[in-house]
Amino acid sequence: MEEKLLQRLESAVARLESLSVGSQSRGIDLDAIAASSDPSILAFDDLLTEYVGRLSSAAAKIGGQVQEVTNVLNEAFSVQKDLLIKIKQTKKPDVPGLGEFLKPLNEKLMKAISMTEGRRSDFFNHLKSVAESLTALAWIAYVGKDCGMSMPIAHVEESWQAAEFYNNKVLVEYRNKDANHVEWARALKELYIPGLRDYVKSQYPLGPVWSATGAAVSAPPKASKPSAPAPPPPPPASLFTSESSQPSSSRPKEGMAAVFQEIGSKPVTAGSFPFFFVQCPFFIIRLICFIDTLSLGLRKVTDDMKTKNRADRAGFVSAGEEEVRSTVPSVSKVGPPKFELQMGRKWVVENQIGKKDLSIDKCDSKQTVYIFGCKDSVLQIKGKVNNITVDKCTKMGVVFTDVVAACEIVNCNSVEVQCQGTAPTISVDNSSGCQLYLSKDSLEASITTAKSSEINVLVPASGPDDDLVEHALPQQYIHSYKDGQFVTTPVSHSGG
């Protein structure tokens, strides 16, 4: 207790010394000093020291992207502390003013979200856990029951529930592999539950308390609309002269502007037609075409020369030509196929189209398998691996023996996954049309689903000669408010 008191006194003295610098040229803001020494701000300092400090220490042991996203989290909490100090000196703003007030915090949230975009990295679950959890800091935007968001305590809990899905993936993946990642995941959870939740519960259960006599916050004024439309640009030089037009300024043009200037200085010919096609009105285009036809001595196209009236040309596209037209664009969007072992730790199977005989024969429990962008293919994994991820695949079949951590299915459509041995965890995220085949040894697997539909699980029947029994996992739920809390039950359908 005495040590915490000494730390608070030292932090208060440090703030006073920083504010006293330059006091000869400007007066010291006494309101800022009082706000910084408020018990709620000192309690937030304790939150940063205890929970954020522990999370940062765990991230430093891992490094890389995990440390980068943890630094963004640290910055977001520091921004929230500054906003809590400003709230004590500011009047309650209107909706536009509140958006401007919270802009620094929103920038940190968007920075964390941007780190999860693009191609999935090996630390995607870490990045997603932080990005989803930082929405809990939006509790500071609660201004009343009509503001459209939950109470501050409930908002923190709901935000963490969205992030816990990815945080649990980190715990499962590194449970028996790396204790540093497990320590980081547990520290992240403790930061919000109980850390931030208990802080909000004790200091701001009904939302932030704005100053009644402080300064007002307002959104920046919008640019006024002009009273009259802007005048049209000056007409281009004559299209029928071979002299180059004079530039509008004495400064020479560079880059593409110089190219267009050179093109515009040439006489109108068939070669310069595309340039005028994008700049001239329709009636001028027709006039240019007519003049070009006369100048080049081209023959007029009569009715018997048109394709639809020619006997030697059919009015339909052949099957071969149609096949080329339909297949070329789709192939151009697919990256190069890959089937390789990278760094001796990660099997990469990418962009395999129509391959029914893919097989990984030599693997061990320390290796992972990442399947990306495959279509209408089948992959068989013989042996035990640490983790399997199926990402953005369509009509893909995966057969594996054993997995140590988890089998993940993400952003897929119409995939079939069969486990012939054991799998502690199977997760399905943002996918549709997923068929899971479980063996007798994998019936105790934990299946987690999120934002997915049409998921069926087939398990062995009681008899050795019986067919597999199919079970449809629910995708609709009923939420009822009972005894002070919401009770969620799956929707069951019966044919009658």
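At what angle do helix 7 and helix 9 pack, and how far apart are their axes? Let's start there, keeping in mind that this is a predicted model.

So, helix 7 covers residues 124-133 and helix 9 covers residues 179-203, and they pack at an angle of about 5°, with axes 12 Å apart. Anything under 35 degrees counts as roughly parallel, so that's what we call helix 7 relative to helix 9. Who's touching whom? On the helix 7 side we've got H126, S129, V130 and S133, and from helix 9 come H181, W184, L188 and Y192. Sort that contact by class and you get four nonpolar residues, four polar ones and no charged ones.

Okay, over to the strands. Strand 8 is residues 425-429, and five of its five residues are buried. Both faces are covered, with T425, S427 and D429 on one side, and I426 and V428 on the other. Strand 8 runs parallel to strand 6, residues 394-410, and four bridges join the two. There, V410 sits opposite D429 of strand 8. Strand 8 also pairs with strand 10, residues 446-450, again in the parallel sense, over five bridges.

Last thing, confidence. The protein averages a pLDDT of 78, and 69% of the residues score at least 70. Two stretches stay under 50. Residues 224-228 are one, with zero contacts beyond four places in sequence. Residues 268-296 are also under 50, though the model has 26 such contacts for them.

Methods:
Residues are numbered from 1 along each chain as its sequence is written. This is a predicted model: local features need pLDDT of at least 70, side-chain atom pairs count only at pLDDT 80 or more; totals for chains, interfaces and linings use all residues. Side-chain values use heavy atoms; hydrogens and water are left out. Axes are lines fitted to C-alpha atoms, for helices over the stretch in contact, and angles run from 0 to 180 degrees between N-to-C directions. Angles under 35 degrees count as roughly parallel, over 145 as roughly antiparallel, 65 to 115 as roughly perpendicular and the rest as oblique. Contact means heavy atoms within 4.5 Å. Ala, Val, Leu, Ile, Met, Phe, Trp, Tyr, Cys and Pro count as nonpolar, Asp, Glu, Lys and Arg as charged, and the others, Gly among them, as polar. pLDDT is the predictor's confidence in each residue, from 0 to 100. Buried means under 20% relative accessible area, exposed over 50%, partly exposed in between (1.4 Å probe, protein chains only). Two strands pair if DSSP finds at least two bridges between them.
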